[in-house]
Amino acid sequence: MTTYDIGLIVGSISSTSINRRLARALTKLAPQADLRLNEIPIRNLPFYSADHDSAMPADAANFKRAIEAADAVILVSPEYNRSVPGVLKNALDTASRPWGDNSFDAKPSAVIGMSIGAIGTAVAQQQLRTILAFLASPTLTQPEAFLQSREGLITEDGVVTDDSTTDFLITWLKSLHEHVAHAIRTSA
Ligand code: FNR
């Protein structure tokens, strides 16, 4: 099977982020699905302004080029107040501009997230899907991945301590591989 390079955007800049743990877990499990995952950091992105359109700041320009270089992008995000965290929305707005230079255009994507709430980021993910649809990014539809955190489920360095969660994440990554292969085949 073809191995694809996948960019990983984590929608939390917290030093104790459970979604960063989830991102590390996906990175460890990815080779089993013929995927190579590498983070595309958003921490240093400036707040997007239309003033940047004529000359993107270097961090923003590098961020856009990293998305364009990847075969697909995974958004791993918490939910903040039943919505998308501001840092992630800012990153997506940055990627989308200047007009006519949308880095997500035709770029396959997937959304996944973990929260302490019972519905595991479902509302934020739905809003992310709306944004990605507007950006013309074909997004993995199934399986959906709403994960509820509990103490010890994923270690700091990304080891998943529960077999059913491990199996689910591998299945999800395999579905992403099929999605990327299909998207690339049909756009060629
Ligand atoms: C939250 N949290 C949260 N959880 C949830 O399931 N739905 C929500 O709408 C919110 N809203 C929310 C807002 C703000 C400002 C914070 C700081 C937190 C709780 C959230 O799931 C928990 O803090 C996670 O640990 C956040 O993910 P990271 O940053 O640890 O990856």
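1. A polar contact is taken here as a pair of N or O atoms within 3.5 Å; within protein, one atom must be able to donate a hydrogen and the other to accept it. On that basis, the side chain of S96 makes such a contact with the backbone oxygen of D93, at 2.7 Å. The model under discussion is a predicted one.

2. S96 belongs to helix α3. Its relative accessibility is 13%, so S96 counts as buried, the cut-off being under 20%. Beyond residues up to four places away in sequence, S96 touches D101, N102 and L135.

3. N102 lies in the loop that runs between α3 (86-96) and β4 (109-115). With neighbours within four places in sequence set aside, N102 is in contact with A95, S96 and L135.

4. How far apart are the C-alpha atoms of N102 and R82? The separation is 26 Å, for two residues that are 20 residues apart along the chain. R82, for its part, is among the residues that come nearest to the ligand, together with S12, S17, N19 and N81.

5. The ligand has 13 residues around it. By class, this shell comprises four nonpolar, seven polar and two charged residues. Of the 620 Å² of accessible area that the ligand has on its own, the protein covers 72%.

6. In soluble globular proteins, nonpolar side chains tend to be buried together. Here the largest nonpolar core has 32 residues, of which L22, L26, L35, I74, I112 and W172 touch the most other members. At least two residues of this core come from each of β1 (4-10), α1 (18-29), β2 (35-39), β3 (72-76), β4 and α5 (163-187). The contribution of α5 is the greatest, at seven residues.

7. Leaving aside neighbours within four places in sequence, its contacts are I6, G7, L8, I9, L37, A110, I112, W172, L173 and L176. A second, separate core of 22 residues is also present, including I40, L75, V111 and L132.

Definitions and conventions:
Residues numbered from 1 in each chain as written. Predicted model: local features only at pLDDT ≥ 70, side-chain atom pairs only at ≥ 80, totals over all residues. Heavy atoms only, no water. Helix = DSSP H or I, 4+ residues; strand = E, 2+ residues; numbered from the N terminus. Contact = heavy atoms within 4.5 Å. Near = heavy atom within 4 Å. Areas by Shrake-Rupley, 256 points an atom, 1.4 Å probe, with all protein chains shown as cover. Nonpolar A, V, L, I, M, F, W, Y, C, P; charged D, E, K, R; others polar. Core = buried A, V, L, I, M, F, W, Y, C linked by side-chain atoms within 4.5 Å. Buried < 20%, exposed > 50% of the residue type's maximum accessible area, 1.4 Å probe, protein only.
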